[in-house]
Amino acid sequence: MQILFNADIIYEGRVLEKDAERGGFILPEGTKVIVVCNNKGGVGKSTSVAAMGDILARELRKRVLLIDGDPQGNLSKRFGFSSYDDCQNSYEILLKLRLDARRGGAAPLPVNDFANSGKLYEGGKKVRPYETLRIFCATRDLEKVYSEYRADPEFSDCLIRDILQEVRESGQYDYVLIDTQPVLSYILGQYMLGSDYVLIPVTPNDDAFDGALAIGDVYMNTKQKKERFKDDDKVELLGYFFNQVKKSTLAQKHFLPKMNEEWGENPKLETMIPYNQEVNNAEIENAPISSKNPNCPASVGFRELVREVVSRIG
């Protein structure tokens, strides 16, 4: 963390946070890119990314980019993009143009041209854009582009990494959160290749546990691949957290020892997100739980999770 003394409170268009202990103002650090994944569906990846993004932007005033990397488009729906007509420049168009450009096509548009302002949910509807949250929104056509990437690794390898690096270099975001498909694939490896951290939501059941362990193989392969790069580009396991917990004692006694055996104790995040029917109600209304019902137990849990993540990585 850098401290700026005797400086204006405005730095690169941002209001700086004051450092209470040492005086001066805290300079913003670089963009953190976090990919959220589990090989098991239904563990709350989209719900978690939506809540974390909303809390970071709306409550902590961080500049956030969300990337909907799942052709189901559930994350996009949470922020007002539920159909083809809602999204002016969808994420799959960006991926397709970048692939065509690498094959020898026309020069692509800048990545930030595809970032749409997320729509804030208030009073039962999405009333206005977020001030500091943008999203690469997805439609079902994203799967077609993924198929092209998988079929042509000679040209697609590291392309997503390059896109994420361009996002970093733009200096427009503090955090990038990536929602992914519940599948082990070449595409997941490409997202990890461009990320700084891997975050794994786990529900307390054997299928989700197995899904989390399967992510470990992709993570280790990606880590080895990154080590071959000449720069300081690395990926780290930010950790895993338990989601949709009905009884914390069950998660602690039955699944926690299993996770510690495989991952060690350090990757475990202390926060457990409780099961809450309000999460399902928010999904019906296509809203982040943290904005639909900010005081429900799940929202309180996600708020604690965000604080824990920020304390780990800054």
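Predicted model: local features only at pLDDT ≥ 70, side-chain atom pairs only at ≥ 80, totals over all residues.
1. A term to start with: a residue is called buried when its relative accessible area is under 20%, exposed when that value is over 50%, and partly exposed in between.

2. Now the whole protein. It has 314 residues, and 52% of them count as buried. Its secondary structure comes to 12 helices and 13 strands. If you look at contacts with a separation of 6 or more, 74% of them involve residues 24 or more positions apart.

3. Back to Arg61 and its partner. Arg61 forms a salt bridge with Glu131, and the closest N and O atoms are 2.5 Å apart. Arg61 sits in the loop between α1 and β7 (64–68), while Glu131 belongs to strand β9 (residues 125–136), so this pair ties together parts that are 70 residues apart in sequence. Glu131 counts as exposed because its relative accessibility is 61%.

4. There are other salt bridges to look for. The whole structure has 20 of them. Have a look at helix α1 (residues 45–59), where Asp54 and Arg58 lie 4 residues apart, about one turn of the helix. Their side chains meet in a salt bridge at 2.7 Å, N to O. Which of these two is buried and which is partly exposed? Asp54 is buried, at 0% relative accessibility, whereas Arg58 is partly exposed at 27%.

5. Glu59 has a relative accessible area of 31%, so it is partly exposed.

6. Next, a pair of helices. Helix α8 (residues 206–227) packs with helix α9 (residues 248–263) at an angle of about 10 degrees, and their axes are 11 Å apart. The cut-off for roughly parallel is an angle under 35 degrees, which means α8 is roughly parallel to α9. On the α8 side the contact is made by Asp206, Phe209, Ala212, Leu213 and Gly216. On the α9 side you will find His254, Phe255, Lys258, Met259, Glu262 and Trp263.

7. Two backbone spots deserve a look. Most residues other than glycine have a negative phi. Cys158 is not a glycine, yet its phi is positive, at about 70 degrees. Cys158 is in the loop between α5 (153–156) and α6 (159–170), and it is buried, with a relative accessible area of 12%.

8. The other spot is Asn286. What is the phi of Asn286? It is near 55 degrees, a positive value in a residue other than glycine. Asn286 is found in the loop between α10 (277–284) and α11 (289–292). With a relative accessible area of 23%, Asn286 counts as partly exposed.

9. Last, the surface. Which residues make the nonpolar surface patch of about 220 Å²? They are Ile93, Leu97 and Leu109. Leu97 is found in helix α3 (residues 91–102). At 33% relative accessibility, Leu97 is partly exposed.

Conventions
Residues numbered from 1 in each chain as written. Heavy atoms only, no water. Patch = residues over 30% accessible without salt bridge, like charges linked within 9 Å, V, L, I, M, F, W, Y side chains within 5 Å. Areas by Shrake-Rupley, 256 points an atom, 1.4 Å probe, with all protein chains shown as cover. Salt bridge = Lys/Arg side-chain N within 4 Å of Asp/Glu carboxyl O. Helix = DSSP H or I, 4+ residues; strand = E, 2+ residues; numbered from the N terminus. Buried < 20%, exposed > 50% of the residue type's maximum accessible area, 1.4 Å probe, protein only. Contact = heavy atoms within 4.5 Å. Axes fitted to C-alpha atoms, helices over the stretch in contact; angles between N-to-C directions. Parallel < 35°, antiparallel > 145°, perpendicular 65-115°, else oblique.
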